[in-house]
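Here is a short report to read alongside your model. Please keep the sequence and the 3D view open as you go.

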Amino acid sequence: MSIRIDDVVGVHGRALELRMQRSEILAANLANEDTPGFLARDIDFAGEMQRLDPQQRFAASSAELKYRVPTQPSQDGNSVELSVEQAAFSKNAMDFQTSLTFLSMKFRGLKQAIEGR
Amino acid sequence: MAFDSIYRIAGSSMNAQTVRLNTVASNLANADSAAAKAEDVYQARKPVFAAVYNNDQLTRGVGMGGAHVQVLDVVTAGREPVRRFDPDNPLADDQGYVFYADIDQIEEMTDMMSATRSFETSVEVLNRLKSMQQGLLKLGES
């Protein structure tokens, strides 16, 4: 029986990729906090993960962008809310670390299996 | 990698906020500059920000959705100068009036706070990004 690296990595590869994309979009939202008329955008992470084809671990198409609905719309048309975006960015960074930890554990398990300890 | 585009986005934001802080400092410093004529009065300066979308989907496939900030221009606010009676001022005209820029100091201070907050947000983004990248580099170690 051979070890398939794809099976080991599982969905975590795609999750990391999405987290990365999401952090770029959230960084863009934060950067344009004071730009008039800028509309905050985001990725529906759960939706994107469900769209994932089980055979194909890395989706060919990039994630679909959606617009954020602001809780308190501002006069200048900017829909970035600093607190919301900061919280989302922090959470996304933490989730990125979580995915990394999962991957690390998988690799450690593989190593142990290979070395027979 | 998407990392470099995030670095660029955060960098552009820091750059834009620095320009904004610069105008605030200039406006506050010149709040009490007098002038003999209405045309010579210092005009408050304001930066104009615009979002630039990174449209490199065609070339790279990743790094979509980002938008960095560009300072389009720094415009003068175009407010009417304030005429004030001050006969002792060496710049006063024959009726004893001098002109001052109409600068709202409270507005400038709040603008400064907002710019500082945004700058700090970008610094925080960079710090987070650094730890994300370091975590990725350590993947597979022990």
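## The annotated stretch of chain A

Over residues 11-38 of chain A, the predicted chain is 71% helix and 0% strand, with helices (H or I, at least four residues) and strands (E, at least two) taken as DSSP runs numbered from the N terminus. The end C-alpha atoms of residues 11-38 are 33 Å apart.

An unreviewed UniProt entry annotates residues 11-38 of chain A as "domain: Flagellar basal body rod protein N-terminal". UniProt positions follow the numbering used here, feature names are shortened, and annotations may be inferred rather than shown by experiment.

Residues are numbered from 1 along each chain as its sequence is written, while chains are lettered from A and ligands numbered from 1 in the order in which they are written.

The model scores ipTM 0.81 and pTM 0.84. Chain B has a mean pLDDT (the predictor's confidence in each residue, from 0 to 100) of 86, and 91% of its residues reach 70 or more. Over residues 58-63 of chain B, however, the pLDDT is below 50. Where pLDDT is low, the predicted coordinates should not be read in detail.

## The build of chain B

Chain B holds three helices and five strands, in the sequence order α-β-β-α-β-β-β-α. Its radius of gyration, taken over C-alpha atoms, is 22 Å, well over the 14 Å that the globule rule (2.2 Å times the number of residues to the power 0.38) gives for 142 residues, so chain B is more spread out than a compact globule. The C-alpha atoms of chain B fill a box of roughly 80 × 35 × 20 Å along the principal axes.

Key
This is a predicted model: local features need pLDDT of at least 70, side-chain atom pairs count only at pLDDT 80 or more; totals for chains, interfaces and linings use all residues. Two residues are in contact if their C-beta atoms, placed from the backbone, lie within 7 Å.
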